[in-house]
Amino acid sequence: GSGTITLSSGMQTAVQSAATNTPMFLVSGGSGNQTISHASGTTITYNQEIIDTDNAFASNVFTVPSGKAGKYFFSASCQIEDTQADVTRFILEIQKNDSSWRQLAFRFTSNQDLMQVSHTVTAIDDASVADEYKAKVYVETADSGSVIIENGSTSYSNNWFQGFKLL
């Protein structure tokens with residue numbers, strides 16, 4: 001048929017709101033390296049907030065805002081460096097409500113001489129209001145020494161965490 005459909009202002013606002021992938025956040029390591037101790041799970045610190053449409057990212061955690069439950073896409077990337085070149089295990093994970101949720105794990109033989117290792121983990125979740133998401137890293141080295149999460153500058157980082165609500 002033909003004709004015009006006129007939506008109320010409330011309905012127009014609802015349609016426009018639903019047509020965006022928000023809330024949305026993107027954070028980066030920024031400047032300054034973060035030290036990770038051998039055989040300990042460590043929350044990744046993000047010093048640079050690039051996007052945070054709903055002010056839902058704080059203290060290295062994204063919290064699903066009120067009224068914003070639904071399906072979300074999350075992705076985290078981390079690069080570590082070990083000057084001794086003896087990384088034997090590296091796990092990057094996204095935690096949900098302080099529990100391991102999605103992870104990417106690698107185990108290396110000690111003769112690999114790995115000085116830099118980078119991983120990215122992605123996932124989609126059906127999130128509820130107040131669910132909390134954060135990125136953590138776990139590293140083991142042959143000499144039980146620490147490694148660093150290498151952050152180059154405030155304008156570029158190999159370490160980031162992002163997420164957004166799917167339509």
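# Salt bridges, aromatic pairs and fold of a predicted model

Arg89 and Glu140 meet in a salt bridge in which the closest N and O atoms are 3.6 Å apart. Arg89 belongs to strand β8 and Glu140 to strand β11 (residues 132-141), so this pair ties together parts that are 51 residues apart in sequence. The model is a predicted one. Its protein chain has one helix and 13 strands, and the structure holds six salt bridges as well as 14 aromatic pairs.

**Overall architecture**

- The order of elements from the N terminus is α-β-β-β-β-β-β-β-β-β-β-β-β-β.
- The protein chain has 167 residues, of which 41% count as buried.
- Among contacts between residues at least 6 apart in sequence, 76% join residues at least 24 apart.
- The protein chain has an accessible surface of about 8600 Å², and carbon and sulfur atoms account for 48% of that surface.

**The Lys71–Asp126 salt bridge**

- A further salt bridge joins the side chains of Lys71 and Asp126, with an N to O distance of 3.8 Å.
- Lys71 lies in strand β7 and Asp126 in strand β10 (residues 116-127), so parts of the chain that are 55 residues apart in sequence are tied together by this pair.
- Lys71 is partly exposed, with a relative accessible area of 46%.

- Lys96 is located in strand β8, which spans residues 87-96.
- Asp131 forms a salt bridge with Lys96, and their closest N and O atoms are 3.6 Å apart.
- Asp131 lies in the loop between β10 and β11, whereas Lys96 lies in strand β8, so the pair ties together parts that are 35 residues apart in sequence.
- With 10% relative accessibility, Asp131 counts as buried.
- Leaving aside residues up to four places away in sequence, Lys96 touches Trp101, Asp125, Asp126, Asp131, Glu132 and Tyr133.

**Aromatic pairs and the ring cluster**

- Among the 14 aromatic pairs of the structure is that of Phe25 and Phe57, which is stacked, with 5.3 Å centre to centre and 20° between the planes.
- This pair links distant parts of the chain, as Phe25 is in strand β1 (residues 24-28) and Phe57 in strand β5 (residues 57-58), 32 residues apart.
- Both Phe25 and Phe57 are buried.
- Phe74 lies in strand β7 (residues 70-81) and Trp101 in strand β9 (residues 99-107), so the pair ties together parts that are 27 residues apart in sequence.
- Phe74 and Trp101 are both buried.
- Ring pairs link Phe25, Tyr46, Phe57, Phe62, Tyr72, Phe74, Trp101, Tyr133 and Phe161 into a cluster.
- Trp101 and Tyr133, which belong to this cluster, are also among the residues that Lys96 touches.

**Buried loop residues**

- Gly30 is found in the loop between β1 and β2, the latter comprising residues 34-36.
- Gly30 is buried, with a relative accessible area of 1%.
- The C-alpha atoms of Gly30 and Asn159 are separated by 8.2 Å, although these residues are 129 residues apart along the chain.
- Asp82 lies in the loop between β7 and β8.
- Asp82 counts as buried, at 2% relative accessibility.
- The side chain of Asp82 reaches the backbone nitrogen of Asp86 at a distance of 3.0 Å.

Terms used:
Residues are numbered from 1 along each chain as its sequence is written. This is a predicted model: local features need pLDDT of at least 70, side-chain atom pairs count only at pLDDT 80 or more; totals for chains, interfaces and linings use all residues. Side-chain values use heavy atoms; hydrogens and water are left out. Rings of Phe, Tyr and Trp (its six-membered ring) pair if their centres lie within 6.5 Å; planes under 30 degrees apart count as stacked, over 60 as edge-to-face and the rest as tilted. Helices (H or I, at least four residues) and strands (E, at least two) are DSSP runs, numbered from the N terminus. Buried means under 20% relative accessible area, exposed over 50%, partly exposed in between (1.4 Å probe, protein chains only). Contact means heavy atoms within 4.5 Å. Accessible areas come from the Shrake-Rupley method with a 1.4 Å probe; for residues, only the protein chains shown count as cover. A salt bridge is a side-chain nitrogen of Lys or Arg within 4 Å of a carboxyl oxygen of Asp or Glu. A polar contact is a pair of N or O atoms within 3.5 Å; within protein, one must be able to donate a hydrogen and the other to accept it, and residues adjacent in sequence count only if both atoms are side-chain atoms.
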